[in-house]
Amino acid sequence: MLKVGGDVRLGLVVGQEEIAVGIPTDKKSVLPRHLGIMGTTGGGKSTTVAGLVHQLQQAGVATILIDVEGEYTEIDLPTADPPMLTALHRRELTPAGAKNLRVLHLVGRDTSREAPGGLVKPFCLRFSDLSPYAVMEILDLPPAQQERFLKAYDTLKLVLKDLNIFPQRGEEQQAFAIDELETGYPRMTLLQLIDVAGVFTEIAANSKEEKSKGKNTEAGEFPRAFNLVSPELRGKEPSIKQRAAVAQAPGNVISWRGLLGKLWRVQRLQVFDNSKASRLDHASLLQPGSISVIDLSDTDSPQVNNLVIADLLRGVQKQQEENAQKAEAAKKHPTPVVVIIEEAHEFLSAQRISQMPVLFQQVAKIAKRGRKRWLGLVFVTQLPQHLPDEVLGLINNFILHKIADGGVVDRLRKSISGIDKGQWSMLPGLAPGQAVVSLTSMTRPLLVSIDPTPCKLKLVE
Ligand SMILES: Nc1ncnc2c1ncn2[C@@H]1O[C@H](COP(=O)(O)OP(=O)(O)OP(=O)(O)O)[C@@H](O)[C@H]1O
Ligand SMILES: [Mg+2]
C-alpha cells in the first residue's frame, strides 16, 4: 500500500522495522526526476550516499560521484569503523566494498586515496569542450574583461580558420552548427587564447592613448618581440596581428592585462589540454554497474571544480543522449545513469546562479532532458537554504536528514510538497541516519532509519 518497494534499499521505516524502503531503479519516474539528500552536518548524508552508491552499482546503474572532499575514494573497501560495524551487525548486514570503482582526479592534483591498488587515473579538461560563456561566468570576469575575452575568442576563431586548424575541409557544416552556449570551439586551446589576448594587450599598450599617458611603456613586461606560447600559433604572429589589427578591439591595457592574468592563473593549474592525461571518457563512465568517483579534494578552487562539473554534466548528457537513441532503436531503455553532486550548494548557490545564468541553464536543461533519457541528478548539501528555488524545483525526490535550523525547515516547506506538517516538525530532532524520505514512487513520505553503509568512508576534516 505504501509503495515502498525498490531494488535499491535505503533502510527501514521507523517504528515498523519490518517494512523496507527502496528506490526502484527500473522506474523512469523516480531517479531521472532527481533526488536531493539534505541535512545538517553529521546528519548522515555521506553514509546515505555511500550506501546508495553501493546499491546502485549492484542494480547495474552507472554512477558518477563528484567528490569534493575526497571521502569516497576508498569505498571499494569494507568499512572498519566500529560503530558502523555494530550498526551493520544489528541489521544483519555485512561490511563490503563497492565493486567496479574508478577514481578520477585532475591531472597535477592528488587523489585522497591512500589504500594500495584500485583504479586511479588522472584526467584533464579540454578548453574546446566548454562554452565560452560558461567559462566567463566561472572565471567571474567583470564586464570589461568579458568584452575582451569574447573579442579574443572570436579573433582566435578566424585565426584558426586562416591556419586551417578548424574548420578543415569538410568540417564547415560542423563549424556552422556549434552552439556556443553549450560547447566550445573545436581544437581551440586556452594557450592559444592567451596568445591572442597577449597580442591585443600589446596593441593596447602601444596605442597612442596609452603612450600619451606616458605609462605602460616599461620595457620587459610586454617586450616587442612577443613570444607566442601555444605550439599551434608559434611562428604565426603575422596571421594573428593581421586579424587583431582589423578586429576593432577595445583598448585599455589594464583590462587586457586583468584578463590575461586570469587566463594565466587557470593555465598554470595545467588542468586544460594537458598531454599527460586524456579527457574524461564519457562512454566508459556510463558502463552498467560502474562507479566513477571524480575526486576534487586537491583542487582548492571552487572555480576549477565548477569547470569540471560543467564539463562532466555536459559530456555525460551528450553521451547518454546517444545511448538513449541507440537503446530506443533496439526497443530497450538505456543503462540508467546517476550523477551525484556533493556539496551542491557550492556549485549551485542562489548567489552563483545569478552570476552564472548560462551554467544554470545548462544544468536545468540536463535535468529536464534527463527525465526522458534515464539520467538522474542527486544534489547533496548541508546548506539547502543556499539552493535557489529554481534548483529545488528540479528535484522531485528527497531524503531529508536532520535539519537543525527551524528557519531552514520553513524555507524548504515552501518549495517541497507532499511532506506533512508532523514530518516537517520532526526534522530538527532526527538522530544521525534517520531521514524523512519522499519519493515519487511512494504513496506518502515516511520516516526511515537509513541502513548503515557497508563501505569505507574516508574521514575528512
Ligand atoms: N545510517 C546510519 N546508520 C548508523 N549510523 C549512522 C548512519 N548515518 C550516520 N551515522 C552516524 O553519524 C555519523 C555522521 O554521519 P555522516 O558522516 O554520514 O554525516 P554527514 O551528514 O555526511 O555529515 P557532514 O555534513 O559532516 O559531511 C557517522 O559517522 C555515523 O556514526
Ligand atoms: Mg558528509
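The exercises below work through the domains, helix packing, ligand shell and backbone of one predicted model.

Residues are numbered from 1 along each chain as its sequence is written, and chains are lettered from A and ligands numbered from 1 in the order in which they are written. Since the model is predicted, local features need pLDDT of at least 70 and side-chain atom pairs count only at pLDDT 80 or more, while totals for chains, interfaces and linings use all residues.

**Exercise 1. Describe how the protein chain is divided into domains, and what the side of domain 1 that touches domain 2 is made of.**

Step 1. The chain is divided into domain 1 (8–124 + 278–450) and domain 2 (129–268), with bounds that come from an automatic or database domain assignment. The C-alpha centres of domain 1 and domain 2 lie 38 Å apart.

Step 2. Across the boundary, 13 residues of domain 1 are in contact with 12 residues of domain 2, where contact requires that the C-beta atoms of two residues, placed from the backbone, lie within 7 Å.

Step 3. On the domain 1 side, α11 (302–329) and α14 (357–373) each supply at least two residues, and the largest share, seven residues, comes from α11. Helices (H or I, at least four residues) and strands (E, at least two) are DSSP runs, numbered from the N terminus.

Step 4. By class, this side of domain 1 has five nonpolar, five polar and three charged residues; Ala, Val, Leu, Ile, Met, Phe, Trp, Tyr, Cys and Pro count as nonpolar, Asp, Glu, Lys and Arg as charged, and the others, Gly among them, as polar.

**Exercise 2. Determine how α11 and α14 pack against each other.**

Step 1. Two packed helices are described by the angle between their axes and the distance between the axes. Here α11 and α14 pack at an angle of about 25°, with their axes 10 Å apart; axes are lines fitted to C-alpha atoms, for helices over the stretch in contact, and angles run from 0 to 180 degrees between N-to-C directions.

Step 2. This angle makes α11 roughly parallel to α14, given that angles under 35 degrees count as roughly parallel, over 145 as roughly antiparallel, 65 to 115 as roughly perpendicular and the rest as oblique.

Step 3. α11 passes α14 in a left-handed crossing, a crossing being left-handed if the near helix is turned anticlockwise from the far one by less than a right angle, and right-handed if clockwise.

Step 4. The contact of α11 with α14 has six nonpolar, three polar and four charged residues.

**Exercise 3. Work out how α4 is oriented to α8 and to α6.**

Step 1. The axes of α4 (residues 143–162) and α8 (residues 237–245) come within 10 Å and cross at roughly 135°, which makes α4 oblique to α8. The crossing in which α4 passes α8 is right-handed.

Step 2. In this pair, Thr155, Leu158, Val159 and Asp162 of α4 meet Ser239, Ile240, Arg243 and Ala244 of α8.

Step 3. The axes of α4 and α6 (residues 190–205) come within 9 Å and cross at roughly 110°, which makes α4 roughly perpendicular to α6. The crossing of α4 and α6 is right-handed.

Step 4. The contact of α4 with α6 has eight nonpolar, two polar and two charged residues.

**Exercise 4. Describe the shell around ligand 1.**

Step 1. The shell holds 17 residues, and the closest are Gly44, Ser46, Thr47, Pro432 and Gly433; a residue is near a molecule or strand if its C-beta atom, placed from the backbone, lies within 6 Å of it.

Step 2. The elements that give two or more residues to this shell are α1 (45–58) and α2 (82–90), and α1 gives the most, with three residues.

Step 3. Sorted by class, the shell divides into five nonpolar, 10 polar and two charged residues.
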